[in-house]
Amino acid sequence: MRRPTGRLLTIWAVTSAAVALLGPLAGLLWAVTAPKVSYVVVQGEALLAEPESQGPIGIDARFALIALVAGMLCGVVAYLAGGRGNDVALLLGLAAGGAAAAVLAWRTGHMIGLGHFQDAVRHGRDGTTVEGVADLRAKGLLVFWALPAVATYGLLEMVVRRLPAGDDGDAGAGEADEVGGDELDLEAAPAGRDVDGPER
């Protein structure tokens, strides 16, 4: 018997929400650990104090690392907590939740200290040096949470093989031509009939 659609939707929603809620925490970690970048106030605008500085690249790299590790951990936890028949819902939940978590991490981390930075730039005299806030320049890094989560889940399935090949996870007799691993899963013969014909 197949799992009810409502149950799979619940699993997807819970997985998505649980992963997404980790986004703000990751954003706080990013803001605290990101390299500091200095700016110079020039006519009310903030310009990099050292245009050749690798600081902005380091900020993006730190975000990518945090998102990558978080995504892999989410994939492992989802796989360990899942069961046969829940794979599709869990994978979709990891993808949706991972995308939301990455966006929330970016916005949360960027907001830390943003008001003070904007005030300093707005009211600072030309030549004043101010410390910037974490910001993501390479927006493509926002996929660095969802993709590792889904990839880790898939890799674990390939290694552990919780679901035998050829079996769609349904209980009871399978299709007549299903062969899973070392087992031959044959459809039950109708009652009162011998599939091989009458005995001689």
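User: What pattern does the chain follow, read along the sequence?

Analyst: Keep in mind that this is a predicted model. Going along the sequence, you get α-α-β-β-α-α-α-β-α-β-β.

User: Okay, and how do I read a nonpolar core?

Analyst: Here's the general idea: in soluble globular proteins, nonpolar side chains tend to be buried together. In this chain, the largest nonpolar core has 37 residues. The ones with the most contacts inside that core are Trp 30, Phe 63, Leu 94, Phe 117, Val 130, Leu 136 and Trp 145.

User: Which elements each supply at least two residues of this core?

Analyst: Helices H1 (5-20), H2 (22-33), H3 (55-81), H4 (87-111), H5 (114-123) and H6 (146-160) do, along with strand S1 (38-42). H3 gives the largest share, nine residues.

User: How much of the chain is buried overall?

Analyst: Buried residues account for 32% of the 200 residues. As for contacts, take those between residues at least 6 apart in sequence: 75% of them join residues at least 24 apart.

User: Now helix packing. How are two packed helices described?

Analyst: By the angle between their axes and the distance between the axes. The crossing of H2 past H4 is right-handed.

User: Which residues in H2 and H4 meet there?

Analyst: From H2, you'll find Gly 23, Pro 24, Ala 26, Gly 27, Leu 28, Trp 30 and Ala 31. They meet Ala 101, Leu 104, Ala 105, Trp 106, Thr 108, Gly 109 and His 110 in H4.

User: Let's do the sheet. In what order do the three strands come?

Analyst: The order is S2-S1-S3, in an open sheet with antiparallel pairing. Strands S2 (45-48) and S3 (129-131) are the edges, and each pairs on one side only. On average, neighbouring strands here are turned by 45° against each other, direction ignored.

User: Over how many bridges do S1 and S2 pair?

Analyst: Four, in the antiparallel sense. If you want a spot to look at, Val 41 stands opposite Ala 46 in S2.

User: And which helix lies across S1, S2 and S3?

Analyst: That's H5, and it runs at about 170° to S3.

Technical notes
Residues are numbered from 1 along each chain as its sequence is written. This is a predicted model: local features need pLDDT of at least 70, side-chain atom pairs count only at pLDDT 80 or more; totals for chains, interfaces and linings use all residues. Side-chain values use heavy atoms; hydrogens and water are left out. A nonpolar core is a set of buried Ala, Val, Leu, Ile, Met, Phe, Trp, Tyr and Cys residues joined through side-chain atoms within 4.5 Å. Buried means under 20% relative accessible area, exposed over 50%, partly exposed in between (1.4 Å probe, protein chains only). Two strands pair if DSSP finds at least two bridges between them. Axes are lines fitted to C-alpha atoms, for helices over the stretch in contact, and angles run from 0 to 180 degrees between N-to-C directions. Contact means heavy atoms within 4.5 Å. A crossing is left-handed if the near helix is turned anticlockwise from the far one by less than a right angle, and right-handed if clockwise.
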